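Please look over the sequence and the model below before reading on. The paragraphs that follow go from the helices to the strands and the loop between them.

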Amino acid sequence: MGIDSKLKEALEKRAYGFEVEEKEFIKNKNNESTGRIKVIRKYIPPDVTALKTILQLKHAGKW
């Protein structure tokens, strides 16, 4: 029996790395929100443990 497709997608995403967008409100010197939003793009590097899990599942014929 194979693994759930959502779990498979999440595991592949984590194994190969991905980009994520984070949004934060820009504040003035009084620490009050200015109503503007700053978008930050971050790269999440590949996870060796997730990649190892994929390889083990493939070897066991469950992928």
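A residue is called buried under 20% relative accessible area, exposed over 50%, and partly exposed in between, with a 1.4 Å probe and protein chains only. The model is a predicted one, in which local features need pLDDT of at least 70 and side-chain atom pairs count only at pLDDT 80 or more, while totals for chains, interfaces and linings use all residues. Residues are numbered from 1 along each chain as its sequence is written, and side-chain values use heavy atoms, with hydrogens and water left out.

Helices (H or I, at least four residues) and strands (E, at least two) are DSSP runs, numbered from the N terminus. Helix α2 covers residues 48-59, and its twelve residues reach 16 Å from the first C-alpha to the last, close to the 16 Å expected at 1.5 Å a residue, where the expected span is 1.5 Å times one less than the number of residues. Within α2, Ala-50, Ile-54 and Leu-57 are buried. Seen down the axis of α2, the buried residues fall within an arc of 65°, so they line one face of the helix; the arc is that of the directions from the helix axis to the C-beta atoms. These buried residues of α2 pack against α1 (5-16), whereas Val-48, Thr-49, Lys-52, Leu-55 and His-59, on the other side of α2, are exposed.

At the N-terminal end of α1, the cap is Asp-4, with a side-chain oxygen 3.2 Å from the backbone nitrogen of Lys-6, and α1 is followed by Gly-17, whose phi is positive, near 90°.

Turning to the strands, Glu-22 is placed in β1. At 36% relative accessibility, Glu-22 counts as partly exposed. Glu-22 and Val-39 are 17 residues apart in sequence, yet their C-alpha atoms are 5.7 Å apart in space. Leaving aside neighbours within four places in sequence, Glu-22 is in contact (heavy atoms within 4.5 Å) with Lys-38, Val-39, Ile-40 and Lys-42.

Where does Asn-31 lie? Asn-31 is in the loop between β1 (18-27) and β2 (33-44), and at 55% relative accessibility it counts as exposed. Most residues other than glycine have a negative phi; the phi of Asn-31 is positive, near 65°.

Notes. Polar contact = N/O pair within 3.5 Å; in protein donor to acceptor, adjacent residues only side chain to side chain.
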